[in-house]
Amino acid sequence: MLLLLLGIIILHVAVLVLLFVSTIVSQWLVGHGYATDLWQNCSASNTGNIHHCFSSSANEWLQSVQATMILSIIFSVLSLFLFFCQLFTLTKGGRFYITGIFQILAGLCVMSAAAIFTVRHAEWHLNSDYTYGFAYILAWVAFPLALLSGVVYVILRKRE
């Protein structure tokens with residue numbers, strides 16, 4: 001049982017790290033001489049030195065992506081906190097429903113953010129010379145892992 005709890009906590013912390021990195025790092029779209037994320041657009045020289053960083057546009061869809069990524073982090077942190085609270089207060093045989101629901105909400109928020117960005121980023125960057133960066137991919141990886149950990153929390157029963 002102890003190994004199961006340790007595995008669940010490691011999975012949850014891995015999801016949190018993925019969510020933080022994908023929200024903060026400037027690598028959602030990468031092109032020749034520039035990199036963009038949810039917060040700023042940066043242009044770089046051929047040597048890789050960053051020259052100029054400008055705030056991202058004020059598009060409503062970009063603000064919704066920013067908000068849902070932040071919400072996913074908040075839900076995941078709250079879920080981890082609730083897990084530890086329920087671990088010590090839940091009666092024997094009880095299930096971690098609240099923890100699981102918040103973790104599933106975190107997964108749905110990151111999925112919504114990545115899906116909105118996928119559909120609408122062409123309006124933001126008309127140049128077609130770009131690729132998706134690793135932070136964008138990490139957001140998509142965090143989605144199934146968050147859903148998986150949420151389902152595990154819902155199924156999990158407390159034992160003595």
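**Entry 1: ground rules.** I began with burial: buried means under 20% relative accessible area, exposed means over 50%, and partly exposed is in between, using a 1.4 Å probe and protein chains only. I noted that this is a predicted model, where local features need pLDDT of at least 70, side-chain atom pairs count only at pLDDT 80 or more, and totals for chains, interfaces and linings use all residues. I also noted that residues are numbered from 1 along each chain as its sequence is written, and that side-chain values use heavy atoms, with hydrogens and water left out.

**Entry 2: the chain as a whole.** I looked up the secondary structure and found 4 helices and 5 strands. These are DSSP runs numbered from the N terminus: helices are H or I with at least four residues, and strands are E with at least two. Going along the sequence, I read the pattern as α-β-β-β-β-α-α-β-α. The chain has 160 residues, and 40% of them count as buried. I then checked contacts, meaning heavy atoms within 4.5 Å. Taking those between residues at least 6 apart in sequence, 71% join residues at least 24 apart. The chain exposes about 8,600 Å², with carbon and sulfur atoms supplying 71% of that area. Accessible areas come from the Shrake-Rupley method with a 1.4 Å probe, and for residues only the protein chains shown count as cover.

**Entry 3: threonine 99.** Is threonine 99 buried or exposed? Threonine 99 is buried, because its relative accessible area is 0%. I placed this residue in helix H3. Its side chain makes a polar contact with the side chain of glutamine 86, at 2.6 Å. A polar contact is a pair of N or O atoms within 3.5 Å; within protein, one must be able to donate a hydrogen and the other to accept it, and residues adjacent in sequence count only if both atoms are side-chain atoms. Leaving out residues up to four places away in sequence, threonine 99 touches Ser79, Leu82, Phe83, Gln86 and Tyr153.

**Entry 4: serine 149.** I went on to serine 149, which sits in helix H4. This serine counts as buried, because its relative accessibility is 1%. Which side chain does the side chain of serine 149 meet in a polar contact? I found glutamine 103, at 3.0 Å. With residues up to four places away in sequence set aside, serine 149 touches Leu11 and Gln103.

**Entry 5: the nonpolar cores.** A nonpolar core is a set of buried Ala, Val, Leu, Ile, Met, Phe, Trp, Tyr and Cys residues joined through side-chain atoms within 4.5 Å. The largest one has 20 residues, and those with the most contacts inside it are Leu19, Trp28, Leu38, Val65, Met69, Val110 and Phe117. Helices H1 (2–24), H2 (60–89), H3 (97–124) and H4 (134–155) are the elements that give two or more residues to this core. H4 supplies the largest share, 6 residues. I also found a second, separate core of 7 residues, including Leu5, Leu87, Tyr153 and Leu156.

Entry 6: Beyond its neighbours within four places in sequence, methionine 69 is in contact with Leu19, Ser22, Thr23, Trp28, Leu38, Val110, Ala113 and Ala139. Leucine 38 lies in the loop between strand E2 (34–36) and strand E3 (40–44). Leucine 38 counts as buried because its relative accessibility is 0%. Its C-alpha is 7.5 Å from that of serine 26, 12 residues away in sequence.

**Entry 7: nonpolar side chains toward the surface.** I found a nonpolar surface patch of about 440 Å² made by Tyr97, Ile98, Ile101, Leu105 and Leu108. Like charges are joined within 9 Å, and nonpolar side chains (Val, Leu, Ile, Met, Phe, Trp, Tyr) within 5 Å. Isoleucine 101 is in helix H3, and its 48% relative accessibility is why this residue counts as partly exposed.

Note on methods. Patch = residues over 30% accessible without salt bridge, like charges linked within 9 Å, V, L, I, M, F, W, Y side chains within 5 Å. Salt bridge = Lys/Arg side-chain N within 4 Å of Asp/Glu carboxyl O.
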